[in-house]
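Here's a quick briefing to read alongside the model. Have the sequence and the 3D view open as you go.

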Amino acid sequence: YDGTFSPSTCDELHDLAVDHCTRGDDGSSLFTRPPHNERPLTPLENAIDSALVALGDYSKKVEYWSRDEFMNIDVHADIDEVQLEEGEGSEEDDDDEQSGLLRCPKMGHVLYLKVEDGLRCP
């Protein structure tokens, strides 16, 4: 999927992602995708949604992280840590999910917006 976004679009999205990662504790956010969203998507979320459509991923909810540096993160199960600590189902559970089950993603994607010349993404 190289070239999904033009270089100038990648530059703009990179700036938005860097801004996003400085706004919270861990640089993560959650959004509900159209047509289920109750608020307008940010420009960064619109781009993520567009990339997911191109990849054939039609998940209803998206959690994303922004980082301006590479971090080598060990393989792990990505679960809803807050739900795990509280020991109960999330109030945002989809109608088809059973309360009390831990939420975890069905798919994961990495979108590299800037990669230095000569480097390869993992």
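**The chain at a glance**

The chain exposes about 9500 Å², with carbon and sulfur atoms supplying 49% of it; accessible areas come from the Shrake-Rupley method with a 1.4 Å probe, and for residues only the protein chains shown count as cover. Keep in mind that this is a predicted model, where local features need pLDDT of at least 70, side-chain atom pairs count only at pLDDT 80 or more, and totals for chains, interfaces and linings use all residues. Residues are numbered from 1 along each chain as its sequence is written, and side-chain values use heavy atoms, with hydrogens and water left out.

**Overall layout**

- You'll find three helices and two strands here, where helices (H or I, at least four residues) and strands (E, at least two) are DSSP runs numbered from the N terminus.
- Going along the sequence, the pattern reads α-β-α-β-α.
- Of the 122 residues in the chain, 24% are buried; buried is under 20% relative accessible area, exposed is over 50%, and partly exposed is in between (1.4 Å probe, protein chains only).
- Take the contacts (heavy atoms within 4.5 Å) with a separation of 6 or more: 58% of them come from residues 24 or more positions apart.

**Salt bridges**

- The structure has four salt bridges, each being a side-chain nitrogen of Lys or Arg within 4 Å of a carboxyl oxygen of Asp or Glu.
- One of them pairs K114 with D11, with the closest N and O atoms 4.0 Å apart. K114 sits in the segment after α3 (81–86) and D11 in helix α1 (residues 7–21), so the pair ties together parts that are 103 residues apart in sequence.
- K114 is partly exposed at 47% relative accessibility, and D11 is partly exposed at 38%.
- D49 and R33 make another, at 2.5 Å between the closest N and O atoms. Since D49 belongs to helix α2 and R33 to the loop between β1 (28–32) and α2, this bridge ties together parts that are 16 residues apart in sequence. Both D49 and R33 are buried.
- E45 bridges to R39, with 2.9 Å between the closest N and O atoms. E45 is buried at 2% relative accessible area, while R39 is partly exposed at 38%.

- D57 lies in the loop between α2 (43–55) and β2 (61–65).
- The D57 side chain does have a polar contact of 2.6 Å with the side chain of S59. That term covers a pair of N or O atoms within 3.5 Å; within protein, one must be able to donate a hydrogen and the other to accept it, and residues adjacent in sequence count only if both atoms are side-chain atoms.
- Leaving out residues up to four places away in sequence, D57 touches R33, L52, M107 and H109.

**After α3**

- V110 lies in the segment after α3 and is exposed, at 62% relative accessibility.
- F70, V110, Y112, V115 and L119 make a nonpolar surface patch of about 510 Å². Patches are made of residues with over 30% relative accessible area and no salt bridge, joining like charges within 9 Å and nonpolar side chains (Val, Leu, Ile, Met, Phe, Trp, Tyr) within 5 Å.
- L102 is also in the segment after α3, and is partly exposed at 40% relative accessible area. L102 and I79 are 23 residues apart in sequence and 6.6 Å apart in space, C-alpha to C-alpha.
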